[in-house]
Amino acid sequence: MKFFVDTADTAEIKELAATGLLDGVTTNPSLIMKAGRPMKEVIAEICDLVDGPVSAEVVAMEKDAMLAEARELTAIANNICIKLPLTLEGLKACRVLSDQGTQTNVTLCFSANQALLAAKAGATFISPFIGRLDDIHIDGLDLISDIRQIYDNYMFETEILAASIRTANHVKDCALLGADVATIPPATLKALVKHPLTEKGLESFMADWAKTGQSII
Ligand code: E4P
């Protein structure tokens with residue numbers, strides 16, 4: 001499973017990139033707003049920090065305007081992935097960009113039929129939003145499972161990018177269901193390494209090691 005980080009905070013991205021665990025980054029207009037910096041500047045900086053796909057979202061509502069924005073964004077770096085909304089206009093733009101060989105991430109997916117359309121439009125990634133479905137008492141994981149089955153039935157190459165992840169359990173469950181990628185907020189990504197028994201065990205090993213009076217180097 002690939003790990004993307006869901007943030008436009010370059011300090012967080014730098015820290016996580018240094019772990020060697022990061023395969024890409026996703027941003028959206030809300031995350032750019034939080035970063036409080038010009039979009040193109042922040043996206044360029046992120047593209048320098050990671051080799052994998054960096055999702056930059058268009059904000060136009062109509063295909064040709066989306067494509068014009070996509071041209072601006074793809075000029076920033078060669079690892080830009082154009083994020084498009086799951087609307088008919090977004091799907092039309094997705095088809096054009098996919099045919100041109102530009103990576104695409106179709107976002108705001110809340111149903112299996114929407115995911116089917118995105119795959120037919122040649123999307124590189126489909127982003128089902130798990131947390132936002134959970135928020136309205138619909139199990140977001142069922143959507144991941146349905147999309148996995150549909151994509152496997154027809155051998156679609158579109159990758160399932162589980163988004164709107166809120167907990168470490170979401171990451172585990174998405175991995176069990178065969179999502180190709182999870183885009184994870186920085187704090188949740190860092191939390192994946194933690195287990196109280198790891199901390200307790202390490203403490204006790206270190207205490208016993210100190211008693212030996214030895215050193216490895
Ligand atoms: C990622 O591509 C999405 O924009 C993001 O995961 C949305 O997460 P949220 O529902 O926590 O805002």
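Student: In which strand does Leu108 lie?
Tutor: The model is predicted, local features need pLDDT of at least 70, side-chain atom pairs count only at pLDDT 80 or more, and totals for chains, interfaces and linings use all residues. Residues are numbered from 1 along each chain as its sequence is written, and side-chain values use heavy atoms, with hydrogens and water left out. Strands (E, at least two residues) and helices (H or I, at least four) are DSSP runs numbered from the N terminus. Leu108 falls within residues 103-109, which is strand 5.

Student: What is phi of Leu108?
Tutor: Most residues other than glycine have a negative phi. Leu108 is a residue other than glycine with a positive value, near 65°.

Student: Is Leu108 buried, partly exposed or exposed?
Tutor: Buried means under 20% relative accessible area, exposed over 50%, and partly exposed in between (1.4 Å probe, protein chains only). Leu108 has 33% relative accessibility, so this residue counts as partly exposed.

Student: Where is Ser164 found, and what is its phi?
Tutor: Ser164 is in the loop between strand 7 (159-162) and helix 9 (168-177). Ser164 is buried, with a relative accessible area of 9%. Its phi is positive, near 55°.

Student: How many disulfides does the structure hold?
Tutor: A disulfide is a pair of cysteine sulfur atoms within 2.5 Å. The closest cysteine sulfur to that of Cys81 is in Cys94, 9.3 Å away and therefore too far for a bond. Cys81 is buried at 0% relative accessibility, and Cys94 is buried with a relative accessible area of 0%. The number of disulfides is 0.

Student: Which residues surround the ligand?
Tutor: A residue is near a molecule if one of its heavy atoms lies within 4 Å of it. The residues around the ligand are Asp6, Thr26, Asn28, Lys83, Phe129, Arg132, Ala163, Ser164, Arg166 and Thr183.

Student: What share of the ligand's area does the protein bury?
Tutor: Accessible areas come from the Shrake-Rupley method with a 1.4 Å probe. Taken alone, the ligand exposes 340 Å². The protein buries 85% of that.
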